[in-house]
Amino acid sequence: MRVTFITEDNKVESVVEYGKQPGKYDGKATGECTSYKYIFYKSGKIHHVKIGPLQPNTTYYYRCGGNGPEFSFKTPPSTFPVEFAIVGDLGQTEWTAATLSQIKSQDYDVFLLPGDLSYADTSQPLWDSFGRLVEPLASQRPWMVTEGNHEIEFFPIFEHTTFKSYNARWLMPHTESLSDSNLYYSFDVAGVHTVMLGSYTDFDSDSDQYQWLQADLAKVDRKTTPWVVVLLHAPWYNTNEAHEGEGESMRVAMESLLFSARVDVVFSGHVHAYERFKRVYNNKADQCGPIYITIGDGGNREGLALSFKKPPSPLSEFRESSFGHGRLKVMDGKRAHWSWHRNNDSNSLLADEVWLESLSTSSSCWPSSRSSDEL
């Protein structure tokens with residue numbers, strides 16, 4: 001597990017002490033630190049400390065920098081079942097607070113966020129306030145994120161380095177997954193191989209991201225990780241008028257890779273609404289394609305995408321313009337339960353649910369005539 005914390009005091013060491021009992025730290029790790037400047041803003045000291053090895057499904061108590069408050073987190077299980085909380089386009093509004101409160105009211109193992117985190121949009125103090133907002137959850141469970149368009153933060157004349165604050169603050173395990181970029185990576189949790197892709201970095205067939213994805217998917221062993229899940233920001237399938245077609249060039253470039261690997265589900269954000277599709281490949285229903293789900297409804301300040309195209313596409317199973325969050329509970333190597341919970345006043349309301357079967361178990365999607373080298 002990597003622990004990231006920020007201090008205003010530059011003398012604080014990049015250390016994390018941890019243990020299985022409150023106040024008793026028999027483990028200690030030293031990490032690295034960074035900081036960045038953005039026009040007139042200078043960040044605090046950003047510490048990244050990798051701790052472990054850790055035992056699965058275990059609560060650890062820890063403190064950062066040698067003193068200060070004690071936090072605790074639970075490591076994910078090593079076997080099924082495992083539950084993911086999934087929400088995109090979070091922001092920091094009252095809707096965001098409601099979403100986070102509802103997520104916290106029911107336990108989960110890992111938090112997945114397909115882009116658009118703080119909505120700082122070059123106003124750097126909003127990255128700090130976002131950190132304070134999510135700390136109660138992000139200090140207790142692993143948060144795995146990928147970037148959206150609001151993380152680009154290109155500023156003409158003054159700031160030409162894109163993703164500067166995102167990359168400094170939200171360091172993901174890209175080197176561990178042999179990726180040269182923090183904008184795309186993968187990781188395994190309890191039989192689920194999760195791939196985080198970058199919608200706003202090169203993805204054509206001659207790009208580093210494409211080559212990395214091809215190699216990453218080729219290494220997946222569906223006996224060890226029967227489920228393969230992908231997250232990206234701009235949806236490849238979308239029947240909302242908002243952001244129509246913005247994910248199309250990436251879909252054309254990469255969709256065949258996901259289809260050949262028999263990816264089970266693809267989650268995206270960007271469109272501020274919820275939508276669930278059938279299994280799809282190349283704009284047609286296909287029992288061997290992924291289920292596509294748009295979950296860009298975390299609660300950001302731009303509001304909801306209210307206009308869905310009519311008549312509805314036969315590929316779209318459920319769509320609604322409401323804030324909320326989703327949960328993927330993977331029961332075993334064959335079955336998973338997906339549910340979407342609408343933000344309804346103070347109560348979380350289950351509005352859509354479906355049972356999924358992993359494509360790893362589908363004999364019709366894995367022709368025996370194909371050699372194992374090609375799978």
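Are phenylalanine 111 and tryptophan 143 buried or exposed? Both are buried, and the legends below start with that pair; keep in mind that this is a predicted model.

**View 1. Phenylalanine 111 and tryptophan 143 make a stacked ring pair.** Here we zoom in on one of the aromatic pairs, for which the count comes to 21. The ring centres of phenylalanine 111 and tryptophan 143 sit 3.8 Å apart with planes at 10 degrees, and since stacking asks for planes under 30 degrees apart, the pair is stacked. Phenylalanine 111 belongs to strand E11 (residues 110–114) and tryptophan 143 to strand E12 (residues 143–146), so this pair ties together parts that are 32 residues apart in sequence.

**View 2. Tryptophan 236 and tyrosine 292 form a tilted pair.** This time the ring centres are 6.3 Å apart and the planes of tryptophan 236 and tyrosine 292 meet at 40 degrees, so the pair counts as tilted. Distant parts of the chain get linked: tryptophan 236 is in the loop between strand E15 (227–231) and helix H5 (248–260), while tyrosine 292 is in strand E19 (residues 291–295), 56 residues apart. Tryptophan 236 has 6% relative accessibility, so it counts as buried. Tyrosine 292 has 4%, so it counts as buried too.

**View 3. Strand E8 shows alternating side chains between its partners E2 and E9.** E8 pairs with E2 in the antiparallel sense over 4 bridges, and glutamate 17 stands opposite arginine 63. E8 also pairs with strand E9 (residues 71–74), again antiparallel and over 4 bridges; there, threonine 59 faces lysine 74. The E8 and E9 hairpin has 6 residues between the strands, and glycine 65 takes a positive phi near 75 degrees.

**View 4. Five rings gather in one aromatic cluster.** The members are Tyr18, Tyr60, Tyr62, Phe71 and Phe73. For scale, lysine 11 and phenylalanine 71 are 60 residues apart in sequence and 21 Å apart in space, C-alpha to C-alpha. Lysine 11 sits in the loop between E1 and strand E2 (15–19), and at 74% relative accessibility it counts as exposed.

**View 5. Three strands make an open antiparallel sheet.** The order is E1-E7-E4, with strand E1 (2–7) and strand E4 (32–34) at the edges, each pairing on one side only. On average, neighbouring strands in this sheet are turned by 20 degrees against each other, ignoring direction. E4 and strand E7 (residues 45–50) pair over 3 bridges, and threonine 34 has isoleucine 46 of E7 as its bridge partner.

**View 6. Histidine 325 has a polar contact with arginine 327.** Histidine 325 is part of strand E21 (residues 324–330) and is buried, with a relative accessible area of 0%. The side chains of histidine 325 and arginine 327 are joined by a polar contact of 3.2 Å.

**View 7. Arginine 262 lies over the face of phenylalanine 259.** The distance of arginine 262 from the ring centre is 4.6 Å.

Terms used
Residues are numbered from 1 along each chain as its sequence is written. This is a predicted model: local features need pLDDT of at least 70, side-chain atom pairs count only at pLDDT 80 or more; totals for chains, interfaces and linings use all residues. Side-chain values use heavy atoms; hydrogens and water are left out. Rings of Phe, Tyr and Trp (its six-membered ring) pair if their centres lie within 6.5 Å; planes under 30 degrees apart count as stacked, over 60 as edge-to-face and the rest as tilted. Helices (H or I, at least four residues) and strands (E, at least two) are DSSP runs, numbered from the N terminus. Buried means under 20% relative accessible area, exposed over 50%, partly exposed in between (1.4 Å probe, protein chains only). A charge sits over a ring if NZ of Lys or CZ of Arg is within 6 Å of the ring centre and within 35 degrees of the ring normal. Two strands pair if DSSP finds at least two bridges between them. Axes are lines fitted to C-alpha atoms, for helices over the stretch in contact, and angles run from 0 to 180 degrees between N-to-C directions. A polar contact is a pair of N or O atoms within 3.5 Å; within protein, one must be able to donate a hydrogen and the other to accept it, and residues adjacent in sequence count only if both atoms are side-chain atoms.
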